[in-house]
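Please open the model in a viewer and keep the selection tool at hand.

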Amino acid sequence: PWATEVGLEYLLGVVEEVDGEPVYRTFWATTQDEEKAAFQAFIAYLMARLDAHPEMHVYHYGGYESGAMKRLTQRHATCVDEVDRLLRGDVLVDLLNAVRQGVRASVESYSLKQIEKFYMPAREGPVTEAGFSVVAFETWLKERDQSILDGIAAYNRDDCVSTWMLRD
C-alpha cells in the first residue's frame, strides 16, 4: 500500500488446472506502468480462457479480488468491458460465502488460513500471511533481492492452490 502514492498491486497470481494439477502463473508489477501492463495481461489471460471455456469460473476467497479488479480498472482506465463481463456474467465465485453458508468449523475465523487447516499441510517459508507479503515487498523495494520476490510468489502460490483445493 505504500509502494506508490495510490498503492500498487504488485502481484496478480492465478492457478489454472491442467490435467488435474494446479499450474501457477504470475503477473508482476513494481511500478504503476507495470501494474497497468500486468493487469491488462491478467485480464487478457482470463478473457482468452473464458472465450475458450464459457462455463469457466474464477474462484477467489473474499472480496479483495473483485475490489482490486474494479480499482485497477478505474485507476488505469482500462479493461472496463472485460471486467464488466466478469462481474455481470457471474464468472467470479467467492468461496468465502460458500464456506460461511455451508460449513460450521471450530476455528478462530473463517479466513483462508484457518479453513485450509482441514485440507492442507501447515504453510512454511518466510511469507505466511498477507501482511508479511506487504512488508516483504517493501523490503524488496529497498534491497532488490530476488529471493524476497520468490518468497512472496511462493506465498501467493500457496493461496491460489489453497483456493483451488477448497473449490473441491
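Which polar contact joins the side chains of Glu9 and Arg71? Its length is 3.5 Å. The model is a predicted one, and every distance and angle in this tour is computed from it.

**Stop 1: Glu9**

Select Glu9, which sits in the segment before S1. Glu9 has a relative accessibility of 14% and therefore counts as buried, the cut-off being under 20%. Besides the contact with Arg71, its side chain makes a polar contact of 2.6 Å with the side chain of Tyr64. Now display the surroundings of Glu9. Leaving aside residues up to four places away in sequence, Glu9 touches Ala29, Glu35, Tyr64, Ala68, Arg71, Leu72 and Arg75.

**Stop 2: Thr73 in helix H2**

Proceed to helix H2, residues 64-76, and select Thr73 within it. Is Thr73 buried or exposed? Its relative accessibility is 10%, so Thr73 counts as buried. A polar atom of the Thr73 side chain lies 2.9 Å from the backbone oxygen of Met69. With residues up to four places away in sequence not counted, Thr73 touches Phe39, Thr78, Cys79, Val80 and Val83.

**Stop 3: two residues with positive phi**

Most residues other than glycine have a negative phi. Select Ala77, in the loop between H2 and helix H3 (80-88). Ala77 is not a glycine, yet its phi is positive, near 50 degrees. Its relative accessible area is 67%, so Ala77 is exposed.

Then select Asp19, in the loop between S1 and S2. Asp19 is likewise a residue other than glycine with a positive phi, about 50 degrees. With a relative accessible area of 78%, Asp19 is exposed.

**Stop 4: aromatic pairs**

A pair of aromatic rings is described by the distance of the centres and the angle of the planes. The count of such pairs in this model comes to four. Select Tyr10 and Phe137: their ring centres are 4.1 Å apart and their planes are at 5 degrees, so the pair is stacked. The pair links distant parts of the chain, with Tyr10 in the segment before S1 and Phe137 in helix H6, 127 residues apart. Tyr10 and Phe137 are both buried.

Phe27 has a relative accessibility of 6% and so counts as buried. Tyr45 is buried as well, because its relative accessible area is 12%.

**Stop 5: the largest pocket**

Rolling a probe the size of a water molecule over the atoms shows where empty space is left. The largest pocket has a volume of about 1,400 Å³.

Colour by secondary structure next. At least two lining residues are supplied by each of strand S1 (11-18), helix H1 (32-52), strand S3 (58-60), H2, helix H5 (112-115), helix H6 (130-143) and helix H7 (146-167). The largest share, eight residues, comes from H7. Colouring by residue class instead divides the lining into 28 nonpolar, eight polar and twelve charged residues.

**Stop 6: Ala154 in helix H7**

Remain on helix H7 and select Ala154. At 40% relative accessibility, Ala154 counts as partly exposed. Draw a distance from its C-alpha to the C-alpha of Tyr24: Ala154 and Tyr24 are 9.8 Å apart in space, although 130 residues apart in sequence.

Methods: Residues are numbered from 1 along each chain as its sequence is written. This is a predicted model: local features need pLDDT of at least 70, side-chain atom pairs count only at pLDDT 80 or more; totals for chains, interfaces and linings use all residues. Side-chain values use heavy atoms; hydrogens and water are left out. Helices (H or I, at least four residues) and strands (E, at least two) are DSSP runs, numbered from the N terminus. Buried means under 20% relative accessible area, exposed over 50%, partly exposed in between (1.4 Å probe, protein chains only). A polar contact is a pair of N or O atoms within 3.5 Å; within protein, one must be able to donate a hydrogen and the other to accept it, and residues adjacent in sequence count only if both atoms are side-chain atoms. Contact means heavy atoms within 4.5 Å. On a 1 Å grid over the protein atoms alone, a cavity is a set of points where a 1.4 Å probe fits but cannot get out, and a pocket is an open set with protein on both sides within 12 Å along at least five of seven lines; lining residues have an atom within 4 Å of a point. Grid points are joined across faces, edges and corners, and a volume is the space filled by probe spheres set on the points. Ala, Val, Leu, Ile, Met, Phe, Trp, Tyr, Cys and Pro count as nonpolar, Asp, Glu, Lys and Arg as charged, and the others, Gly among them, as polar. Rings of Phe, Tyr and Trp (its six-membered ring) pair if their centres lie within 6.5 Å; planes under 30 degrees apart count as stacked, over 60 as edge-to-face and the rest as tilted.
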